[in-house]
Amino acid sequence: MPLLEKLRNFLEANHAAYTHTVHPTAFTAREVASAEHLPAREVAKTVVVFGDDGYRMMVVPATRLIDFQEVRLTLGLTHARLATEEELGKLFPDCELGAMPPIGSLYDLPVYLDSSLAGEDMIAFNAGTHHDVVHMRTADYRTLVH
């Protein structure tokens, strides 16, 4: 089953209100924000980090970078690093590289949401490709990813 269909089924099964839009190809979260005419602070980018005991999804606004020292301290890890492209390809075989949706339960990964993004009313994120985007209320997203 293609990821977009799998994602839609997941959202609908969880009674999440969302919209799906399509835009010209955009590779970075800032490009997605521009293509979608959204403030970059509302567009989530999914960063996959490998730490002591496995992978995690870090969900941050397009305007932010991951601070690995903060990740280690906050999560009590001795080491943390960015997942490699090869690792991402194996973890998300149904996604274009770098376009994975921040829905950890689809991939059995824990999700950590940046507090600044958690405070936004709306969130938008890639839906497995560099042109599909899901828009939803951040409160609903938080409920979905626990």
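This is a predicted model: local features need pLDDT of at least 70, side-chain atom pairs count only at pLDDT 80 or more; totals for chains, interfaces and linings use all residues.

Biologist: Why is the contact between Glu120 and Arg41 called a salt bridge?

Modeller: The rule asks for a side-chain nitrogen of Lys or Arg within 4 Å of a carboxyl oxygen of Asp or Glu. Here the N and O atoms of Arg41 and Glu120 are 3.2 Å apart, so the pair meets the rule. The general idea is that side chains of opposite charge can pair when their charged atoms come close.

Biologist: What makes this pair a link between distant parts of the chain?

Modeller: Glu120 sits in the loop between α5 and β6, while Arg41 sits in the loop between α2 and β2, and the two are 79 residues apart.

Biologist: How do you know whether Glu120 and Arg41 are buried, exposed or partly exposed?

Modeller: Buried means under 20% relative accessible area, exposed means over 50%, and partly exposed lies in between. Glu120 has 18%, so Glu120 is buried. Arg41 has 44%, so Arg41 is partly exposed.

Biologist: What about Arg56 and Asp53: how close are their N and O atoms?

Modeller: Their closest N and O atoms are 2.5 Å apart. That is within 4 Å, so this contact is a salt bridge too. Arg56 has a relative accessible area of 8%, so Arg56 is buried. Asp53, at 63%, counts as exposed.

Biologist: And what makes Arg81 and Glu87 a salt bridge?

Modeller: Their side chains meet at 2.8 Å, N to O, and because the limit is 4 Å, the pair qualifies. Arg81 is partly exposed at 33%, whereas Glu87 is buried at 16%.

Biologist: How many salt bridges does the rule give in total?

Modeller: The count comes to 6.

## Strands and sheets

Biologist: Which strands make up the open sheet, and in what order?

Modeller: The open sheet has 3 strands in the order β1-β7-β6, with antiparallel pairing.

Biologist: Why are β1 and β6 said to stand at the edges?

Modeller: Each of them has a single partner strand, so one side of each is left without a neighbour in the sheet. From one strand to the next, the twist averages 25°.

Biologist: How do you know that β1 and β7 pair?

Modeller: Two strands pair if there are at least two bridges between them. β1 and β7 share 5 bridges, so they pair, and they do it in the antiparallel sense. Within this pairing, Tyr18 has Met136 in β7 as its bridge partner. As a general point, strands of a sheet pair through backbone hydrogen bonds, either parallel or antiparallel.

Biologist: Which strands does β2 pair with?

Modeller: β2 is joined to β3 by 8 bridges and to β4 by 3 bridges. The requirement is at least two, so both count as pairs. Both pairings run antiparallel. Val48 stands opposite Met57 in β3, and Gly51 has Ala80 in β4 as its bridge partner.

Biologist: What do β2 and β3 form, and how many residues lie between them?

Modeller: They form a hairpin with 2 residues between them.

Biologist: Why is β2 called largely enclosed?

Modeller: Because 6 of its 8 residues are buried, β2 is largely enclosed by the rest of the structure.

## Pockets

Biologist: How much space lies in the largest pocket?

Modeller: About 440 Å³. The pocket is lined by 22 residues, and the closest to its centre are Phe27, Lys45, Thr46, Val47 and Gly98. Elements giving two or more residues to this lining are α2, β2 and β6. The largest share, 5 residues, comes from β2.

Biologist: How does that lining divide by class?

Modeller: It has 15 nonpolar, 5 polar and 2 charged residues.

Biologist: What is the volume of the second largest pocket?

Modeller: Its volume is about 310 Å³. Here 15 residues form the lining, and Met58, Val60, Glu70, Val71 and Asp114 are the closest to the centre. The largest share of this lining, 4 residues, comes from α3. By class, the lining of the second largest pocket has 9 nonpolar, 2 polar and 4 charged residues.

Methods. Residues are numbered from 1 along each chain as its sequence is written. Side-chain values use heavy atoms; hydrogens and water are left out. On a 1 Å grid over the protein atoms alone, a cavity is a set of points where a 1.4 Å probe fits but cannot get out, and a pocket is an open set with protein on both sides within 12 Å along at least five of seven lines; lining residues have an atom within 4 Å of a point. Grid points are joined across faces, edges and corners, and a volume is the space filled by probe spheres set on the points. Ala, Val, Leu, Ile, Met, Phe, Trp, Tyr, Cys and Pro count as nonpolar, Asp, Glu, Lys and Arg as charged, and the others, Gly among them, as polar. Buried means under 20% relative accessible area, exposed over 50%, partly exposed in between (1.4 Å probe, protein chains only). Axes are lines fitted to C-alpha atoms, for helices over the stretch in contact, and angles run from 0 to 180 degrees between N-to-C directions.
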